[in-house]
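Here is a structure for a first reading.

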Amino acid sequence: MTHFLVPAGNIAKEMHKEGREHASFLSLIIDTVTKEYKTPIQATGIRCLKKGCNGTIDVVIDAKEETINWACTDCDEDGKISGWQKTKWDSRK
């Protein structure tokens with residue numbers, strides 16, 4: 001996640017539109033997941049970012065690798081978020 005951020009911790013404004021949308025999507029996942037940091041699988045209710053898809057995002061937290069693995073319930077969109085700890089969207093208490 002940190003490669004999307006400027007030193008102040010915000011998403012870089014100079015990034016192209018698609019990159020900013022993707023970074024915002026990932027930050028929403030981080031914020032949602034870390035409010036209830038639990039395993040194994042969480043349904044987030046977040047809508048898939050892929051155009052035309054009506055799926056939602058499920059996540060699995062890998063505590064060993066410290067990653068958030070996400071996947072759409074309807075299409076093949078998925079990913080792994082690393083470097084999310086201590087970002088402004090890390091909502092763990």
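Q: How many bridges pair β3 with β4, and what makes them a pair?
A: This is a predicted model. In it, strand β3 (residues 67-72) and strand β4 (residues 78-81) are joined by 4 bridges in the antiparallel sense. Pairing needs at least two bridges, so β3 and β4 with their 4 bridges count as paired. One of the bridges joins N69 to K80 in β4. The two strands form a hairpin, with 5 residues between them.

Q: How do you know that the length of helix α1 is close to what is expected?
A: Helix α1 covers residues 17-35, which is 19 residues. From its first C-alpha to its last it reaches 27 Å, and the expected value at 1.5 Å a residue is 27 Å.

Q: Which residues of α1 are called buried, and what do they pack against?
A: The buried residues are G19, A23, F25, L26, S27, I29, I30, V33 and T34. The label requires a relative accessible area under 20%. These buried residues pack against β1 (41-47), β2 (56-62), β3 and β4.

Q: How many aromatic pairs are there by the rule?
A: The count comes to 1 aromatic pair. That pair is F25 and W70, with 5.2 Å centre to centre and 80° between the planes. F25 sits in helix α1 and W70 in strand β3, 45 residues apart, so the pair links distant parts of the chain.

Q: Why is L49 called partly exposed?
A: L49 has a relative accessible area of 41%. Buried means under 20% and exposed means over 50%, so a value of 41% falls in between and L49 is partly exposed. L49 is found in the loop between β1 and β2.

Q: What is L49 in contact with, leaving aside its neighbours within four places in sequence?
A: L49 is in contact with E21, H22 and F25. A contact requires heavy atoms within 4.5 Å. As for W70, its C-alpha atom and that of L49 are separated by 12 Å, and the two residues are 21 apart along the chain.

Q: What makes the side chains of β2 alternate?
A: I57, V59 and I61 point to one face and are buried.

Q: What pattern does the chain follow, and how many helices and strands does it have?
A: The secondary structure comes to 1 helix and 4 strands. Read along the sequence, the pattern is α-β-β-β-β.

Q: Why is the chain called as compact as a globular protein of that length?
A: The globule rule gives 12 Å for 93 residues, and the radius of gyration of the chain is 13 Å, which is close to it, so the chain is as compact as a globular protein of that length. Of the 93 residues, 38% count as buried.

Q: Why does K86 count as exposed?
A: The relative accessibility of K86 is 81%, and exposed means over 50%, so K86 is exposed. K86 lies in the segment after β4. Its phi is near 65°, a positive value in a residue other than glycine.

Methods. Residues are numbered from 1 along each chain as its sequence is written. This is a predicted model: local features need pLDDT of at least 70, side-chain atom pairs count only at pLDDT 80 or more; totals for chains, interfaces and linings use all residues. Side-chain values use heavy atoms; hydrogens and water are left out. The expected span of a helix is 1.5 Å times one less than its number of residues. Buried means under 20% relative accessible area, exposed over 50%, partly exposed in between (1.4 Å probe, protein chains only). Rings of Phe, Tyr and Trp (its six-membered ring) pair if their centres lie within 6.5 Å; planes under 30 degrees apart count as stacked, over 60 as edge-to-face and the rest as tilted. The radius of gyration is taken over C-alpha atoms; the globule rule is 2.2 Å times the number of residues to the power 0.38.
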